[in-house]
Amino acid sequence: MLKRFRLEEPESVKDASDFLARHGESARVYAGGTELLLVMKEGLIQYERLINIKNIAGLDEVKLDDGVIHLGALATHCKLASSTLLQERLPAFVQMEKNVANIRVREVGTLGGNLSFAEPHADPGTVLMVLGARLVAGKSSSSREIPVEKFFVDAYETCLEADEILTGIRVPLLPSHSAVAYLKFGYLERPSVGVALFLAVDGGGKSITDARIAVGCVGPAPRRIEEAESLLKGKGFNEASRLISKAGEIAGDASQAISDLHGSQDYKEHIVQVLLKRAFHQAYGQCQSGGKGQGGLHG
Amino acid sequence: MAKLTSKRVEGQLIPISLTINGTLHEIDVEPHELLLDVIRDRLGLTGVKRSCDVQVCGACTLLLDGRPVSSCTLLAFEARGREVMTIEGLAQNGKLHPLQEAFIEHGGFQCGFCTPGMILTAKTLLDENPDPSEEEIIEFMQGNICRCTGYKKIIESILAAAKKIKASSSRI
């Protein structure tokens, strides 16, 4: 059962940040509650105050803003999954959003809440990492942008300061001849392994000009795996195909996988390798057909 | 992050008005009250069930402005100014909804515990997609768990309800 708490309902980021500054660790931002209320109901954590930021106007917008896609932190998973802008520009992200938890969670849960809660078994952070996203954090008098790689510190821990609120996510448009794939695996409600890959090829489709790899769910926080990316850059398809198993091995090793209810460390590392290989073939094929950021999901 | 506070928190009442199955209710809720408890214990509508309590099973499904939510993990104040539909609100003028009829005719339930959530989720599906394929039904309904039927009869019921709705609307 939930213990009693007080509710504050600020109408601006400044007011919300002021509440957080005033009440410190006894208060927590509420942006949907699909994660937060679960741990509060279990009695694992209690707050004297929840700061409901859902009355702050404009924080749920999804728009193209000066060549960058802006995702408002309060956009729900359902809203993101049904956005025509995202379906056109970031189909791999849409595909991921369509498969977050179940329809009831997607209806209420927000992207900003998902990222800020930093539950390790979550999809969005991993995909945003290969998309080169930057997170916008606001407080009373200022705001800053944080590269998504720097955002996650540990399980349930982000680099947000005590009085900072995640207000939006900025995602650059994908270049031509590029594609994103996100594959996940899991047999429980939450994903056990998530692998995201961004690939760009040159105009003729002969060689890989850029690659970004991220692995999530297996350990405390999603991680970008640059050591594996460098293996693919500058390579042609045949050579990269030969190296992809090695890249997967490096990604598994670097993923900080841990043994838990979802599987042993070895098992998860193996799945990382398998999913990266599949993601590579999927993304490469889409790059060549000129598609932008098509993506799929198995799990 | 874990922090347990033992400090006693003063009560707070939030006046809300919400429509439940077409009837306007004005009630005061405390911030920590869950919609499921308000609907079941304070308003006496017990069609909605508590089961897993972690948004996985779908037994506590209610429609909020026509969209399915897990009322076990939704704060009651969130229903402020909105329309709630429970299974009790589905039949109109004593006539069962085509989904309810189809679940009966096709054996879409056994113990019945998941059925209110199943039917309300299926209603959302048919409202947005009147002619779903079996695959689309499976995908949409994957967050609603049944431990008796093996799902086959549920899928058949939803397909049959879609046909019924289509047939009745083409008669008008």
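**Figure 1. Contact between chain A and chain B in the predicted model.** In this predicted model, 33 residues of chain B are in contact with 27 residues of chain A. On the side of chain A that touches chain B, strand S1 (6-8), helix H2 (36-41) and helix H6 (103-108) each supply at least two residues. H6(A) gives the most to this side, with five residues. Sorted by class, the side of chain A that touches chain B comprises 12 nonpolar, 10 charged and five polar residues.

**Figure 2. An open sheet of four strands in chain A.** The strands follow the order S11-S12-S13-S14, and their pairing is antiparallel. Strand S11 (178-185) and strand S14 (223-224) of chain A are the edge strands, each pairing on one side only. Strand S12 (residues 193-201) and strand S13 (residues 208-216) of chain A run antiparallel and are joined by eight bridges. A:Leu197 has A:Ile213 in S13(A) as its bridge partner.

**Figure 3. Surroundings of A:Leu197.** Apart from neighbours within four places in sequence, the residues in contact with A:Leu197 are A:Val130, A:Val180, A:Ala181, A:Ile213, A:Leu276, A:Ala279, A:Phe280 and A:Ala283.

**Figure 4. The largest nonpolar core and a second, separate core.** The largest nonpolar core contains 90 residues. Those with the most contacts inside this core are A:Val130, A:Val180, A:Val195, A:Leu197, A:Leu199, A:Leu276 and A:Ala283. Helix H12 (residues 265-288) of chain A contributes nine residues, the most to this core.

Notes
Residues are numbered from 1 along each chain as its sequence is written. Chains are lettered from A and ligands numbered from 1 in the order in which they are written. This is a predicted model: local features need pLDDT of at least 70, side-chain atom pairs count only at pLDDT 80 or more; totals for chains, interfaces and linings use all residues. A nonpolar core is a set of buried Ala, Val, Leu, Ile, Met, Phe, Trp, Tyr and Cys residues joined through C-beta atoms within 7 Å. A residue is buried if 20 or more other C-beta atoms lie within 10 Å of its own, exposed if 12 or fewer, and partly exposed in between; C-beta atoms are placed from the backbone. Two residues are in contact if their C-beta atoms, placed from the backbone, lie within 7 Å. Ala, Val, Leu, Ile, Met, Phe, Trp, Tyr, Cys and Pro count as nonpolar, Asp, Glu, Lys and Arg as charged, and the others, Gly among them, as polar. Two strands pair if DSSP finds at least two bridges between them.
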